Amino acid sequence: MIELLKGFPDNVAALACHGHVTKADYETVLIPDVNDRLTRHDKLRIYYEIASDFAGVDPGAVWDDTKLGLSHFLSWERLAVVTDVDWIKHAVKFFGFLMPAQLRTFATAEADKAREWIAQPQD
């Protein structure tokens, strides 16, 4: 399940992933939120929080994530990923060099630091 998080600037799509994330979660929650924000902003920031109850992602959701990322490739400004799941940290760092955005991973205990970083003005 994808939960949209509140309390972020309008140019930040903030979400938490719980349990098992499906293609339907992307199609009904994340993609509409991102597309709506892109009507108001040229650049977006993404705050991903991988909750402690995260259980995995459907292949269809991975494909939707890839399509979303590539279709708006130059629209990303910053990406913060908050997780204690090692394989996710490694994957983000591995693929991060391909992103035109600033990208950082944070441990769950650093969620406040991640929220501050994603919201601060561009360097």
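Guide: Let's start with I2, which sits in strand β1. Strands here are DSSP E runs of at least two residues, helices are H or I runs of at least four, and both are numbered from the N terminus. Before going on, a word on what you're looking at: this is a predicted model, where local features need pLDDT of at least 70, side-chain atom pairs count only at pLDDT 80 or more, and totals for chains, interfaces and linings use all residues. Residues are numbered from 1 along each chain as its sequence is written, and side-chain values use heavy atoms, with hydrogens and water left out.

Back to I2. Its relative accessibility is 6%, so I2 counts as buried (buried is under 20% relative accessible area, exposed is over 50%, and partly exposed is in between, with a 1.4 Å probe and protein chains only). L74 is another story: I2 and L74 are 72 residues apart along the chain, and their C-alpha atoms are separated by 24 Å.

The structure has 2 aromatic pairs (Phe, Tyr and Trp rings, the six-membered one for Trp, pair if their centres lie within 6.5 Å; planes under 30 degrees apart are stacked, over 60 edge-to-face, and the rest tilted). One joins F8 and Y47, whose ring centres are 4.9 Å apart with planes at 40°, so this pair is tilted. F8 belongs to the loop between β1 (2-4) and β2 (12-17), while Y47 is in strand β4 (residues 44-50), so the pair ties together parts 39 residues apart in sequence. Both F8 and Y47 are buried.

The other pair is F106 with W117: ring centres 6.0 Å apart, planes at 50°, so tilted as well. Strand β7 (residues 102-106) holds F106 and helix α4 (residues 111-119) holds W117, so this pair links parts that are 11 residues apart in sequence. F106 is buried at 1% relative accessibility, and W117 is buried with 8%.

W76 is found in strand β6 (residues 76-82) and is buried, with a relative accessible area of 7%. W76 and I46 are 30 residues apart along the chain, and 7.7 Å separates their C-alpha atoms.

V62 and T22 are 40 residues apart in sequence, yet 8.6 Å apart in space, C-alpha to C-alpha.

Now step back. The protein chain has 4 helices and 7 strands, and along the sequence they run β-β-β-α-β-β-α-β-α-β-α. The radius of gyration is 13 Å, close to the 14 Å that the globule rule gives for 123 residues, so the chain is as compact as a globular protein of that length (the radius is taken over C-alpha atoms, and the rule is 2.2 Å times the number of residues to the power 0.38). Along the principal axes, the C-alpha atoms fill a box of roughly 35 × 30 × 30 Å.
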